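Grab a pencil and open the structure viewer. Below are some exercises, each with a solution that goes step by step.

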Amino acid sequence: MTHTKPGFRPANPDFSSGPCAKRPGWSVEALTKAALGRSHRAKIGKAKLEQAIELTREILQVPADYRIGIVPASDTGAVEMALWSLLGERGVDMVAWESFGSGWVTDVVKQLKLADVRRLEAGYGALPDLTKIDFDRDVVFTWNGTTSGVRVANGDFIPADRKGLTICDATSAAFAQRLDFRKLDVVTFSWQKVLGGEGAHGMLILSPRAVERLESYKPTWPLPKIFRLTSGGKLIEGIFKGETINTPSMLCVEDYLDALNWAKSIGGLDALIARAEANAAVLDGFVDKSSWLGHLAIDPATRSNTSVCLSFTDPDVAALDADGQAAFAKGLVSALDKEGVAYDIGAYRDAPPGLRIWCGATVEASDVEALLPWLDWAFAQQKASLKAAA
Ligand SMILES: Cc1ncc(COP(=O)(O)O)c(C=O)c1O
């Protein structure tokens with residue numbers, strides 16, 4: 001453990017879990033062709049929105065019979081649209097193991113007030129027993145729990161011949177983990193995660209069965225205009241062809257196109273996944289040898305390759321109560337922030353105290369590598385203050 005400052009710094013200190021680091025080489029120059037000052041319904045605007053949808057399909061490898069729409073209010077907007085438009089036709093299993101998944105449970109139980117809800121939940125670090133899910137019911141879950149760093153390893157737990165719909169919040173998984181679309185009826189994500197795009201817009205991907213539900217079932221509750229996906233009982237197809245209803249930011253659209261084109265230029269989905277895997281592997285190697293830091297995710301097969309969540313294993317720190325550990329983490333995180341070495345790497349506010357280091361595709365492995373000695377340095381500083389205060 002060293003008190004001497006390491007001799008080199010990450011070239012890019014952006015390790016936030018959202019908005020995430022911009023792609024390597026990004027500058028505002030990437031936005032010069034944005035269709036600014038024009039209607040998003042003009043030919044040029046609509047063409048860009050359509051291109052964003054088609055490039056999303058190509059890079060994420062979304063099946064041709066799935067619809068892809070750009071919707072308001074980021075990932076939350078896309079998830080809420082799905083919950084409010086689709087649920088209530090049958091019972092629902094809500095599967096949650098961290099803050100965002102728990103948020104969807106709260107919405108369904110306390111806002112939609114559905115009568116037939118089963119909750120399958122686990123605490124930070126674990127997955128609930130996925131074999132207990134009843135796929136004849138609708139199922140809502142988060143592919144990668146951004147606040148615990150626990151993900152589902154694959155879609156094998158979902159049967160192909162299910163009767164209910166699977167609604168999957170995939171925002172910190174899309175473009176870094178392989179999503180099994182044939183097992184998913186609704187997939188949502190935002191632009192500011194793995195591709196380092198800008199916040200505000202959500203992506204809503206619907207299977208043919210989700211569309212069937214939309215056209216055959218009408219919820220009993222009122223739907224605000226912003227959530228409406230059908231008109232006169234028919235899907236509003238325009239949403240999925242670039243006729244985005246609520247005005248999008250064409251600047252953000254341009255930035256998303258830039259991110260998608262970057263993704264394509266490096267080799268598409270395989271390359272994006274490989275980058276996230278490589279970043280997470282660098283961090284894993286460090287954590288495995290660390291005397292003070294461990295993964296929050298208990299089972300290595302469920303460990304995220306994007307939002308890597310770490311907790312303190314040092315006996316003196318682990319012995320502190322939650323407030324003490326949170327204060328320790330805060331000191332460590334702000335020391336690294338002050339040094340300009342790593343920004344925004346504290347655990348999520350509702351999660352157990354510790355660190356959360358984003359390893360998504362826009363992060364460079366060399367930057368993760370350069371961060372490691374600084375983690376030891378910041379820990380040594382904090383530990384010394386803890387000892388001095390004791
Ligand atoms: C799993 C998950 N769901 C939902 C959200 C909320 O996303 P947004 O701010 O795009 O609405 C986040 C943000 O980090 C997330 O990680």
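**Exercise 1.** In which order do the strands of the open sheet of 3 strands come, and is the pairing parallel or antiparallel?

*Solution.* Before we start, keep in mind that this is a predicted model.
- Step 1: Walk across the sheet and you get β12-β13-β14, with antiparallel pairing.
- Step 2: Look at the edges. β12 (293–295) and β14 each have a single partner strand, so one side of each has no neighbour in the sheet.
- Step 3: On average, neighbouring strands here are turned by 35° against each other, direction ignored.
- Step 4: Zoom in on one pair. β13 (residues 307–312) and β14 are joined by 4 bridges, and S307 has W358 in β14 as its bridge partner.
- Step 5: α6 (residues 268–289) lies across β12, β13 and β14, and runs at about 125° to β12.

**Exercise 2.** Work out the strand order of the open sheet that 7 strands form, and find its edges.

*Solution.* 
- Step 1: The order reads β1-β9-β8-β7-β4-β2-β3, and the pairing is mixed.
- Step 2: The edge strands are β1 and β3 (117–121); each has a single partner strand, so one side of each is left without a neighbour in the sheet.
- Step 3: From one strand to the next, the twist averages 15°.
- Step 4: β1 and β9 run antiparallel and are joined by 6 bridges, with V71 opposite G202 in β9. By contrast, β2 (residues 92–96) and β4 pair in the parallel sense over 3 bridges.
- Step 5: Helix α3 (residues 99–111) packs on this sheet and touches β2, β3, β4 and β7. Its direction makes about 150° with that of β2.

A reminder that helps here: strands of a sheet pair through backbone hydrogen bonds, either parallel or antiparallel.

**Exercise 3.** Take strand β4 (residues 138–142): how many of its residues are buried?

*Solution.* 
- Step 1: Buried means under 20% relative accessible area. By that cut-off, 5 of the 5 residues of β4 are buried.
- Step 2: Sort them by direction. D138, V140 and T142 point one way, V139 and F141 point the other way, and all are buried.

**Exercise 4.** Which residues have the most contacts inside the largest nonpolar core?

*Solution.* 
- Step 1: This core has 91 residues, and the ones with the most contacts inside it are F141, F175, L283, L336 and L375.
- Step 2: Pick F175 and list its touches, leaving out residues up to four places away in sequence. Among them are I59, L60, F189, Y256 and L272.
- Step 3: A second, separate core has 33 residues, including V79, L83, W104 and A210.

**Exercise 5.** Compare the span of helix α1 (43–60) with what you'd expect, then see what covers its buried residues.

*Solution.* 
- Step 1: α1 has 18 residues and reaches 25 Å from its first C-alpha to its last, close to the 26 Å expected at 1.5 Å a residue.
- Step 2: Its buried residues include G45, L49, A52, I53, T56 and L60.
- Step 3: Their cover includes β1, β8 (186–190), β9 (201–206), α5 (250–266) and α6.

Definitions and conventions: Residues numbered from 1 in each chain as written. Predicted model: local features only at pLDDT ≥ 70, side-chain atom pairs only at ≥ 80, totals over all residues. Heavy atoms only, no water. Core = buried A, V, L, I, M, F, W, Y, C linked by side-chain atoms within 4.5 Å. Buried < 20%, exposed > 50% of the residue type's maximum accessible area, 1.4 Å probe, protein only. Contact = heavy atoms within 4.5 Å. Helix = DSSP H or I, 4+ residues; strand = E, 2+ residues; numbered from the N terminus. Pairing = 2+ DSSP bridges. Axes fitted to C-alpha atoms, helices over the stretch in contact; angles between N-to-C directions. Expected span 1.5 Å × (residues − 1).
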